[in-house]
Amino acid sequence: MSARSAKRLEELRGAYGLSAAQGRQLEGLLELLAEDEQAPTTVREPVRAVDVHLADSLAALTIPAVRDAGRVADIGAGAGFPGLVLAVGLPRATVTLVESQARKCAFIDGALTRAAIENARVVCARAEEWPAVEGAGSQDIVTARALAPQPVVLEYAAPLLRAGGVLVDWRGARNEPEEAAARLAADQLGLQLSEIRHVEPFAAASNHHLHLYLKVRDTPARYPRRAGIARKRPLGS
């Protein structure tokens, strides 16, 4: 790892109050991305990955509900962000990374071993199907990053959250029509928008937002709909 990326990692460690051991875990993730040419992300070089993957994920630790969470589910986990990083940052929490593609699941599983992350696991399943197995109503926090249009993410997340739980949805620039559709979808799902928080986790991230939805009542049993329907017929449209 270059001196530049090492310095940036040290800055993040200090900013979020992470221990030296946690810093080494994050360094392990950066090293794996750099070494594995099959890593399921286009951002692999540590000098960029330290911001695009690590800093962006750590931004959620500014949210009190996230810092206090005991159970976290990262849906559509992809290459494992933010779930892997939050597992490092929240050592007392249990983090489940839910991903449907076997190749990505294998990468996440390898990353857990490489970074010695013992409080997380990967579940290779669709987000719509996991609640029926074990995830319904059990999560304090659900996270989603670059997963789907927001009404779709809400339908995936709502059944997983306990009453009072929070969805944290990573978004870029504000999109009023999509946000309006999401508010309509949220009302059907037992969620309520509590905050749209502007964050700037790194210098080039001037248009990043965390959308926070609170679980205010039970999600009707008909949600989530069967696999693929949320994307084909999104709520609120």
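Trainee: What percentage of the 237 residues of the protein count as buried?

Mentor: This is a predicted model, in which local features need pLDDT of at least 70, side-chain atom pairs count only at pLDDT 80 or more, and totals for chains, interfaces and linings use all residues. Residues are numbered from 1 along each chain as its sequence is written, and side-chain values use heavy atoms, leaving out hydrogens and water. Buried means under 20% relative accessible area, exposed over 50%, and partly exposed in between (1.4 Å probe, protein chains only). Of the 237 residues, the buried share is 55%.

Trainee: How many helices and strands are there in the protein?

Mentor: Both are DSSP runs, numbered from the N terminus: helices are H or I with at least four residues, strands are E with at least two. The protein has 10 helices and 7 strands.

Trainee: Why is the protein as compact as a globular protein of that length?

Mentor: The radius of gyration is taken over C-alpha atoms, and the globule rule is 2.2 Å times the number of residues to the power 0.38. For 237 residues the rule gives 18 Å, and the protein is close to that, so it is as compact as a globular protein of that length: its radius of gyration is 17 Å.

Trainee: What does the C-alpha trace span along its principal axes?

Mentor: The span is given along the principal axes of the protein, for the C-alpha trace. It is about 50 × 35 × 30 Å.

Trainee: Which residues touch the most other members of the largest nonpolar core?

Mentor: A nonpolar core is a set of buried Ala, Val, Leu, Ile, Met, Phe, Trp, Tyr and Cys residues joined through side-chain atoms within 4.5 Å. The largest one holds 50 residues. Elements that each supply at least two of its residues include helix H1 (3–15), helix H2 (20–35), helix H3 (46–58) and strand S5 (161–171). The members that touch the most others are Leu29, Leu54, Ile117 and Val168.

Trainee: Which residues does Leu54 touch, not counting residues up to four places away in sequence?

Mentor: Contact means heavy atoms within 4.5 Å. Leu54 is one of the members of the largest core that touch the most others. Beyond four places in sequence, Leu54 touches Leu9, Leu12, Leu26, Leu30, Ala49, Phe81 and Val85.

Trainee: Which cysteines does the disulfide join?

Mentor: A disulfide is a pair of cysteine sulfur atoms within 2.5 Å. The whole structure has 1. Here the S to S distance is 2.4 Å, and the link is right-handed, with 100° about the S-S bond. The pair is Cys105 and Cys124.

Trainee: Where in the chain do Cys105 and Cys124 lie?

Mentor: Cys105 counts as buried because its relative accessibility is 6%. Cys124 counts as partly exposed because its relative accessibility is 46%. The pair links distant parts of the chain, 19 residues apart: Cys105 in helix H6, Cys124 in strand S3.

Trainee: Is Val123 buried or exposed?

Mentor: Val123 lies in strand S3. Leaving aside neighbours within four places, its contacts include Cys105, Trp130 and Glu134. With a relative accessible area of 12%, Val123 is buried.

Trainee: What backbone oxygen does the side chain of Asn119 reach?

Mentor: Asn119 sits in the loop between helix H6 (102–114) and strand S3 (120–124). Asn119 is buried because its relative accessible area is 18%. Beyond four places in sequence, Asn119 touches Leu90, Pro91 and Thr94, among others. At 3.0 Å, its side chain reaches the backbone oxygen of Ala87.

Trainee: Which residue does a cis peptide bond join to Phe81?

Mentor: Omega is about 15° for this bond.

Trainee: What is omega for the cis peptide bond from Tyr223 to Pro224?

Mentor: Pro224 is placed in the loop between S7 and helix H10 (229–232). For the bond from Tyr223, omega is near 0°.

Trainee: Is Ala146 buried or exposed?

Mentor: Phi of Ala146 is near 55°, a positive value in a residue other than glycine. Ala146 lies in the loop between strand S4 (139–145) and helix H8 (150–157). Because its relative accessible area is 77%, Ala146 is exposed.

Notes:
Polar contact = N/O pair within 3.5 Å; in protein donor to acceptor, adjacent residues only side chain to side chain.
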